[in-house]
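Here are some notes for a colleague who is meeting this structure for the first time. Please keep the sequence and the 3D view open while reading.

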Amino acid sequence: MSNEMVGGVALSVVDRMIERYGTSSDAAIPILLGLQETYGYLPLEALQRVTDKTETTPNQVYGVATFYGQFRLKPVGEHIVRVCHGTACHVRGAVGISEALSEALGLKDGEDTTADNKYTVETVACLGCCSLSPVIMIDDKVYGKLTRKKVKDIFKQLEREESNQ
Ligand code: FES
């Protein structure tokens, strides 16, 4: 097993996953799930090691990594912001809530993580509290009956709380 580090990835961690799940192409999903659990995303260097050490081709590994919604190819922020676009939230203005979130966090088109790596925004189908729609969740805290202004106020408040700590 290698002690080498490549781009912040310990190859021994990848090798251990491969040892656990095997080298057949069927093992790609469990290996990638294990790597994502370890790193929070799938570092390119880890994917490269998987293709080098298993029977899985680069196309297969990349195909799995991009097909399944739970896999991430970029690091996630310190806090996850889930914005609900389920039916109830959509009807009550989820699109505007997403726009307000992007403005509040300074995210440009297509970006999901802030430049300081503090927040990552994800769109989800339903957060299970439709009566509070439109809804967002920051880590495990739900914020409901939102307006654009409330979204901005939430982040201003979080900033204030953080600077007082
Ligand atoms: S649709 Fe948004 S919480 Fe259910």
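The points below go from the overall layout to single residues.

1. The model is predicted, and its chain is divided into domain 1, covering residues 5–67, and domain 2, covering residues 79–164. Taken over C-alpha atoms, the centres of domain 1 and domain 2 are 32 Å apart.

2. Helix H6, which runs through residues 94–105, packs against H7 at an angle of about 30 degrees, and their axes are 9 Å apart. The crossing in which H6 passes H7 is right-handed. On the H6 side the contact is made by Gly96, Ile97, Ala100, Leu101, Ala104 and Leu105, while H7 contributes Arg148, Val151, Lys152 and Phe155. Sorted by class, the contact of H6 with H7 comprises seven nonpolar, one polar and two charged residues.

3. The largest nonpolar core has 16 residues, and those touching the most other members are Val83, Ile97, Leu101 and Ile136. At least two residues of this core come from each of strand E3 (79–84), H6 and strand E4 (119–124), and H6 gives the most, with six residues. Leu101, leaving aside residues up to four places away in sequence, touches Val81, Val83, Val121 and Val151. Another core, of 15 residues, lies apart from this one and includes Ala28, Ile31, Leu35 and Ala65.

4. Where does Arg160 lie, and is Arg160 buried or exposed? Arg160 belongs to helix H7, which spans residues 148–164, and it counts as exposed because it has 9 C-beta neighbours inside 10 Å, where the cut-off for exposed is 12 or fewer. Between the C-alpha atoms of Arg160 and Gly7, which are 153 residues apart along the chain, the separation is 35 Å.

5. Some backbone details in the loops deserve a look. Ser133 and Pro134 are joined by a cis peptide bond, with omega of about -5 degrees, and Pro134 is found in the loop between E4 and strand E5 (136–138).

6. Asn117, although not a glycine, has a positive phi of about 65 degrees, and its place is in the loop between H6 and E4. Asn117 counts as partly exposed because 13 other C-beta atoms are within 10 Å.

7. Asp139, likewise not a glycine, has a positive phi of about 55 degrees and lies in the loop between E5 and strand E6 (141–143). Asp139 has 9 C-beta neighbours inside 10 Å, and therefore counts as exposed.

Conventions
Residues numbered from 1 in each chain as written. Predicted model: local features only at pLDDT ≥ 70, side-chain atom pairs only at ≥ 80, totals over all residues. Helix = DSSP H or I, 4+ residues; strand = E, 2+ residues; numbered from the N terminus. Buried ≥ 20, exposed ≤ 12 C-beta atoms within 10 Å, placed from the backbone. Domains from an automatic or database assignment. Axes fitted to C-alpha atoms, helices over the stretch in contact; angles between N-to-C directions. Left-handed = near helix turned anticlockwise from the far one by under 90°. Contact = placed C-beta atoms within 7 Å. Nonpolar A, V, L, I, M, F, W, Y, C, P; charged D, E, K, R; others polar. Core = buried A, V, L, I, M, F, W, Y, C linked by C-beta atoms within 7 Å.
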